[in-house]
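I opened my notebook to look up how one chain is put together and which side chains meet in it. I wrote each entry as I went along.

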Amino acid sequence: MFGKKRTPEQLEKIRQRKLRIYDIVFENDTPEGKAFDVFLMICIVVSIFLVVAESTLHVDAVGAMILRILEYAFTAFFTIEYLLRLYCSPKPRDYALSFFGIIDLLATLPLYIAWLFGPARYLMIIRTFRLIRVFRIFKLFSFLDEGYALIHALMDSMKKISVFFLFVLIMVISIGTLMYMIEGNVPESSFNDIPSSIYWAIVTLTTVGYGDITPVTSAGRFLSALVMLLGYTTIAVPTGIVSANLIKTKDSPYKRVCENCGTTGHDPNAKYCKHCGTLLDVNPQDHD
């Protein structure tokens, strides 16, 4: 009957099964966990290689069938892996909304999305969705502590980088408008409008220098020289922000380590593990 309560023995079996699955899919200090991680890494690398090969190689019908079968197999494996992680995670919702939870979901979606569309009319849309498979490469970060540190530093730097980006945006708009005022009325000049001038300012400030738009007046060339010199100092700012946060993460007096999966690099005020959703130690300073 529906709604029948499970016995304590059944609940204990379910708990033990979840712990067993958890040790395999989240942990890597057991032979089964190490074997699973190695197999998962191989599947990620091979699936990404297939995406690249599919875009460059012209295969016959047999080759296309092999690629399709392999894609079905990888999609089935990543789907089962994602469902198992949700099943055994202490906090499934936190895992699903975490960075790696979203990446795990993206690794399974393309084939299912493609099935929702017709084979002829929406062929190009299907191919676009299938490119989402490239996101599988981000799953490799889950095997590296340095990957967590880098993501943590980037997240901590987002506010400062966003403010810096806004400053750069205002600066290129101002420089582009100024260049348009200088060269807009020159017959030989390519600065025919403000958007083109802003495009030039972005290309010059980032030191890309395509050369498709160049000033012809002395004042315009002088402004170009100033923008080029400014570009070298501007590019170094985001790098310095991220580097400072990396050093801060490395030299932090304590590391927030998940007792279940061993994940590090959590925010000081985080309550749950960003990988598996387990409740973290609420007073990590006590371990200093």
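**Entry 1: ground rules.** I noted that this is a predicted model, in which local features need pLDDT of at least 70 and side-chain atom pairs count only at pLDDT 80 or more, while totals for chains, interfaces and linings use all residues. Residues are numbered from 1 along each chain as its sequence is written, and side-chain values use heavy atoms, with hydrogens and water left out.

**Entry 2: the whole chain.** I looked up the elements and found 10 helices and zero strands, where helices (H or I, at least four residues) and strands (E, at least two) are DSSP runs numbered from the N terminus. Of the 288 residues in the chain, 34% are buried; buried means under 20% relative accessible area, exposed over 50%, and partly exposed in between, with a 1.4 Å probe and protein chains only. The chain exposes about 18,300 Å², and carbon and sulfur atoms supply 68% of that area, which comes from the Shrake-Rupley method with a 1.4 Å probe, only the protein chains shown counting as cover for residues.

**Entry 3: salt bridges.** Side chains of opposite charge can pair when their charged atoms come close. I counted a salt bridge where a side-chain nitrogen of Lys or Arg is within 4 Å of a carboxyl oxygen of Asp or Glu, and by this rule there are four. In one of them Arg15 meets Glu12 at 2.9 Å, N to O, and both residues lie in helix α1 (residues 8-25), three residues apart, about one turn of the helix. Arg20 forms a salt bridge with Glu32, with the closest N and O atoms 3.4 Å apart. This pair links distant parts of the chain, since Arg20 is in helix α1 and Glu32 in helix α2, 12 residues apart. Arg20 is partly exposed because its relative accessibility is 46%, and Glu32 is partly exposed at 35%.

I then asked myself: are Arg85 and Asp104 buried or exposed? Both are buried, and their side chains meet in a salt bridge of 3.9 Å, N to O. Arg85 in helix α3 and Asp104 in helix α5 (residues 99-106) are 19 residues apart, so I wrote them down as a link between distant parts of the chain. Glu81 joins Arg85 and Asp104 in a network of salt bridges.

**Entry 4: rings.** I took rings of Phe, Tyr and Trp (its six-membered ring) as paired if their centres lie within 6.5 Å, calling planes under 30 degrees apart stacked, over 60 edge-to-face and the rest tilted. The count comes to seven aromatic pairs. The rings of Tyr22 and Phe26 have centres 4.8 Å apart and planes at 35°, so this pair is tilted. Tyr22 is buried at 5% relative accessibility, and Phe26 is buried at 7%. Ring pairs link Tyr22, Phe26, Tyr82 and Tyr95 into a cluster. I also found Arg85 over the face of Phe26, at 4.9 Å from the ring centre; a charge sits over a ring if NZ of Lys or CZ of Arg is within 6 Å of the ring centre and within 35 degrees of the ring normal.

**Entry 5: a surface patch.** Phe165, Leu166, Leu169, Ile170 and Ile173 make a nonpolar surface patch of about 480 Å². Patches are made of residues with over 30% relative accessible area and no salt bridge, like charges being joined within 9 Å and nonpolar side chains (Val, Leu, Ile, Met, Phe, Trp, Tyr) within 5 Å. Ile173, found in helix α8 (residues 145-183), counts as partly exposed because its relative accessibility is 39%.
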